[in-house]
Amino acid sequence: MTLLPLLLAQESGEADSGLAERLKRREPQAMADLYDRYGRLAYSLILRIVRDAEMAEDLVQETFIRVWSRAQAFDSERGALGPWLLAVARNRAIDYLRSVDGRMARSSYELVEMENPALFANLESQVMVSDLAGRVRGAMSKLNSSQRSVIELAYFEGLSQTEMAEKLGQPLGTIKTWVRTALKNLREELGVAAAV
């Protein structure tokens, strides 16, 4: 799991202090603003943990309800609102995985997978894909943090370069340079065409 959602949440710290105060005053619009700011991040984080889109949606809803009900306990002196919300989201997802429902969902999936011999028919291609995934991980690890961030935002969150510039608080030209350099480095490392 990547730390990207947490890092993105930390960048909004100053703007979040006013939002936290509005949540404490129980302003309904504050909850809507909170969801607009962190809904996608919370969903992507939870989805990476539970690997079930429907359950991830439920857990995002539970996360925001929990944050709403515990807003009075939030202390901006101890940390920023975004990372706190994402910690709640992460904990909800892990709690689900540890629950009976989470274990049952995983074990029933594993049983179905093991009972289907057709899944083993393409073993050679699966090994090749696994090897490629390892090469991609290695190539990604050689990028600097800015380059890795823009590639992750493009692929994992589907953001355009303009949206990345807004999210990261950087000029569009800087984002374009990071993307171009990252793709060049990935091409050199992997020996294949890479495109965002």
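This note goes through the helices, cores and selected residues of a predicted model.

1. Overall make-up. The chain has 196 residues, of which 33% count as buried, and its secondary structure comes to 10 helices and 0 strands. Read from the N terminus, the order of elements is accordingly written α-α-α-α-α-α-α-α-α-α. Among the contacts in the chain with a separation of 6 or more, 59% are accounted for by residues 24 or more positions apart.

2. The largest nonpolar core. This core holds 30 residues, and the members that touch the most other members are Leu 34, Ile 46, Val 50, Phe 64 and Leu 85. Two or more residues are given to this core by each of α2 (13–24), α3 (28–50), α4 and α5 (81–98), and the element that gives the most is α3, with 10 residues. Apart from this core lies another, of 17 residues, which includes Val 150, Ala 165, Val 179 and Leu 190.

3. The packing of α3 on α4. The crossing in which α3 passes α4 is right-handed. On the side of α3 the contact is made by Pro 28, Met 31, Leu 34, Tyr 35, Tyr 38, Gly 39, Ala 42, Tyr 43, Ile 46, Leu 47 and Val 50, while on the side of α4 it is made by Ala 53, Ala 56, Glu 57, Leu 59, Val 60, Thr 63, Phe 64, Ile 65, Val 67 and Trp 68.

4. Ile 46 as a member of both pictures. Ile 46 is one of the residues that touch the most other members of the largest core, and Ile 46 also belongs to the α3 side of the contact with α4. When neighbours within four places in sequence are left aside, the residues in contact with Ile 46 are Arg 51, Ala 56, Leu 59, Val 60, Thr 63, Ala 89 and Ala 93.

5. Thr 63, a polar side chain to inspect. Thr 63 is placed in helix α4, which spans residues 53–69. Is Thr 63 buried or exposed? Its relative accessible area is 0%, and since buried means under 20%, Thr 63 is buried. Beyond its neighbours within four places in sequence, Thr 63 is in contact with Ile 46, Leu 85, Val 88, Ala 89 and Arg 92. Of these partners, Ile 46 is listed on the α3 side of the α3 and α4 contact, in which Thr 63 itself takes part from α4.

6. Two loop residues with positive phi. Arg 26 is found in the loop between α2 and α3, and its phi is positive, about 65°, although Arg 26 is not a glycine. With a relative accessibility of 38%, Arg 26 counts as partly exposed. Arg 51 lies in the loop between α3 and α4, and this residue, likewise other than glycine, has a positive phi near 55°. Its relative accessibility is 71%, and Arg 51 therefore counts as exposed. Arg 51 is also one of the residues in contact with Ile 46.

7. The buried side of α9. Helix α9 covers residues 161–168, and its buried residues are Met 164, Ala 165 and Leu 168. Why do they lie on the same side of α9? They cover an arc of only 100° around the axis, which puts them on the same side of α9. The helix is followed by Gly 169, whose phi is positive, near 65°.

8. The packing of α9 on α10. The axes of α9 and of helix α10, residues 172–190, come within 9 Å and cross at roughly 115°. The two helices are therefore roughly perpendicular to each other, and α9 passes α10 in a right-handed crossing. From α9, Gln 161, Thr 162, Met 164, Ala 165 and Leu 168 meet Leu 172, Ile 175, Lys 176, Trp 178 and Val 179 of α10, so that Met 164, Ala 165 and Leu 168, the buried residues of α9, all take part in this meeting.

9. Val 179. This residue lies in helix α10 and counts as buried at 4% relative accessibility. The C-alpha atoms of Val 179 and Gln 147 are separated by 6.3 Å, with the two residues 32 apart along the chain.

How values were computed
Residues are numbered from 1 along each chain as its sequence is written. This is a predicted model: local features need pLDDT of at least 70, side-chain atom pairs count only at pLDDT 80 or more; totals for chains, interfaces and linings use all residues. Side-chain values use heavy atoms; hydrogens and water are left out. Buried means under 20% relative accessible area, exposed over 50%, partly exposed in between (1.4 Å probe, protein chains only). Contact means heavy atoms within 4.5 Å. The arc is that of the directions from the helix axis to the C-beta atoms. A nonpolar core is a set of buried Ala, Val, Leu, Ile, Met, Phe, Trp, Tyr and Cys residues joined through side-chain atoms within 4.5 Å. Axes are lines fitted to C-alpha atoms, for helices over the stretch in contact, and angles run from 0 to 180 degrees between N-to-C directions. Angles under 35 degrees count as roughly parallel, over 145 as roughly antiparallel, 65 to 115 as roughly perpendicular and the rest as oblique. A crossing is left-handed if the near helix is turned anticlockwise from the far one by less than a right angle, and right-handed if clockwise.
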